Amino acid sequence: MIKGALCFTLAFTLIGSFVFGQSINDARRAIEVEQFEKAKSILKGLTSNPTISAESYYYLGDVYLKTNELDSAKANFDLGVQANPKFALNYAGLGKLEYLNNQAAASKADFDKAISLAEKKDYRPYVEVAKGLTLDGDKTNEQSVQLAIATLEQAKKANSKSPEVYATLGDVYLMKKDANNAVLNYNKALEVDKDYLRAYIGQAQIYKGAQNYQAALAPLEKAIAIDPNYAPAYGLLAELYYSSGQSAKAIDTYKNKYLALTDVSCNSQTRYATFLFTGKDYKAANQEISSLLKTCPVKPVMYRLLGYSAFEIGDFKQALDAMNTFFAKQNPQNVITSDYEYMAKILSANKQDSAAIGYLNKAVTKDPSKTELYPLIGKMNFTNKNYAASAQSYEKYFEVPGVKKDPVNYLYYGLALMRIGQFVKADSAFSVVNQLSPTYIPGYIYRGEVSVNLDKDNKQGLAKPYFEKAIELGEVDKEKNARYLIEAYKYMADYSYSVQNDVNATKDYFKKVLELDPNDQQANDALKAIEAGTKKKNK
């Protein structure tokens, strides 16, 4: 019995030693490098220490705030207030929550209380209140930004030797797009502590914002040299690669460095999925986003990327479901042109061309410079038998200054014009096809058909040169080009008989048809009629 009690006491002592061997600073370090589960574990153990329980509850609440678990954040801030009503930070925490919930009066009251309870040399209440005032990031209003700066100036008076104060002040100025003051404060932080890593991150962000990606690398390399496991440096490095078009490096750095050193979070997974999509690894992006949707509350943009990636890997049903969800959830003001473009392609892949045309028209309306969409609208209208609309779309495209002539566009334009009886314009369209693709047999066949309609009685022989050209090109491979040759032979047979009165040539052309298709009824009937007429004439 005594032995059992001793064992229990020893075990408890060892556990206690492990917990109390870790400090608030260890937890704060874990928070900074986004190892949130580790931070939670440390802080939950430290809450049992009455001398630091209020402080432990604050940082535990702050972790939950960063992981968007707001109810848990509030519970811990409240516990911190209960543990020590005169400890300032938990009021700052409650103020942050109220700020996020648009409870301005309550937020101000708790921020003011946090400041009023700040101990003489404790800068942290000022820093945390300033962070709370700028939780909206770039969307923070000017009044809150100025109040945050004023609060941090008070923090400097409380402790002018804290690099955190200067780095946070640099962050606020950076948010304000005041690069000069941001640089001054990051530099000051490094004067106070040359190894203060957050200041290097701030410097790199300034250069990144100026799109000077090469200059941004230097402070990141310094941070990594000081601490090769400093995850925020790798996260920003991946962003630099991403912004400079180096998708493969961005994916590798984010996956194998940043994600490997941090806890998986909804935010990091979302960003990784974006990198994968931009790097055209559509299958991996699709898998990552599908996983995200099961575990994380996601913004509409994730449905956009799910739809895009599903289309790229050929899963058109998933693509359509995702884009329908995206359009239902997304604010119409935040819909971009490519959303309409992808939706059109997805609808077309699902054999819904009529609806697809509507989305393409929306894309052009939203961005009139997207003139390259006119041929796609034209082709879809053609497929949907809206021939007049198809021709009109191609004409809009051809009116664009400096547009590249593409034989496929002129081909469909000509075909659309044929369907609505505009044969003169169709002839001009097919002439461009002949010029751009001089060995393309259908171009001559269609131009021949147009010429037949322009020369109803065949007296001018307008179609003859085009069918002759089709025969010249087609006879290189008769089996492959059989359908075109048959049409051309039949025209030449008709021309030979009705215009040239050359019965032998007529028979030769019909025989050529039968060589390709012995069962062609028209050719068989024509030859029988010619033979019968010849016999009758000879009698």
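Does Cys296 count as buried or exposed, and at what relative accessibility? At 11% relative accessibility, Cys296 counts as buried, where buried means under 20% relative accessible area, exposed over 50%, and partly exposed in between (1.4 Å probe, protein chains only). The structure is a predicted model, in which local features need pLDDT of at least 70 and side-chain atom pairs count only at pLDDT 80 or more, while totals for chains, interfaces and linings use all residues. Residues are numbered from 1 along each chain as its sequence is written, and side-chain values use heavy atoms, with hydrogens and water left out.

**Disulfide**

- The structure holds one disulfide, the term denoting a pair of cysteine sulfur atoms within 2.5 Å.
- Cys266 is joined to Cys296 with an S to S distance of 2.0 Å.
- This pair links distant parts of the chain, 30 residues apart: Cys266 belongs to helix 16 (residues 266-278), and Cys296 to the loop between helix 17 (282-295) and helix 18 (300-312). Helices (H or I, at least four residues) and strands (E, at least two) are DSSP runs, numbered from the N terminus.
- The disulfide of Cys266 and Cys296 is left-handed because the torsion about its S-S bond is about -90 degrees.
- Cys266 is partly exposed, at a relative accessible area of 28%.

**Salt bridges**

- Side chains of opposite charge can pair when their charged atoms come close. A salt bridge is here a side-chain nitrogen of Lys or Arg within 4 Å of a carboxyl oxygen of Asp or Glu, and a search of the whole structure finds 30 of them.
- Arg29 forms a salt bridge with Asp227, and the closest N and O atoms are 2.2 Å apart. Arg29 lies in helix 2 (residues 24-32) and Asp227 in the loop between helix 13 (213-226) and helix 14 (231-243), so the pair ties together parts that are 198 residues apart in sequence.
- Within that pair, Arg29 is partly exposed at 33% relative accessible area, whereas Asp227 is buried at 14%.
- Arg447 and Asp427 meet through their side chains in a salt bridge (2.9 Å, N to O). The pair links distant parts of the chain, with Arg447 in helix 26 (residues 441-454) and Asp427 in helix 25 (residues 423-436), 20 residues apart. Both Arg447 and Asp427 are buried.
- Lys74 and Asp78 form a salt bridge at 2.8 Å, N to O. Both lie in helix 5 (residues 70-83), four residues apart, about one turn of the helix. Lys74 is partly exposed with a relative accessible area of 42%, and Asp78 is partly exposed with 25%.
- A network of salt bridges links Arg28, Asp62, Lys66, Lys96, Glu128, Lys131 and Glu164.

- Residues 163-196 are 79% helix and 0% strand, with end C-alpha atoms 7 Å apart.
- Residues 197-230 are 79% helix and 0% strand, with end C-alpha atoms 8 Å apart.

- Thr51 is placed in the loop between helix 3 (36-46) and helix 4 (53-66), and is exposed, with a relative accessible area of 68%.
- The C-alpha atoms of Thr51 and Asn84 are separated by 9.6 Å, the two residues being 33 residues apart along the chain.
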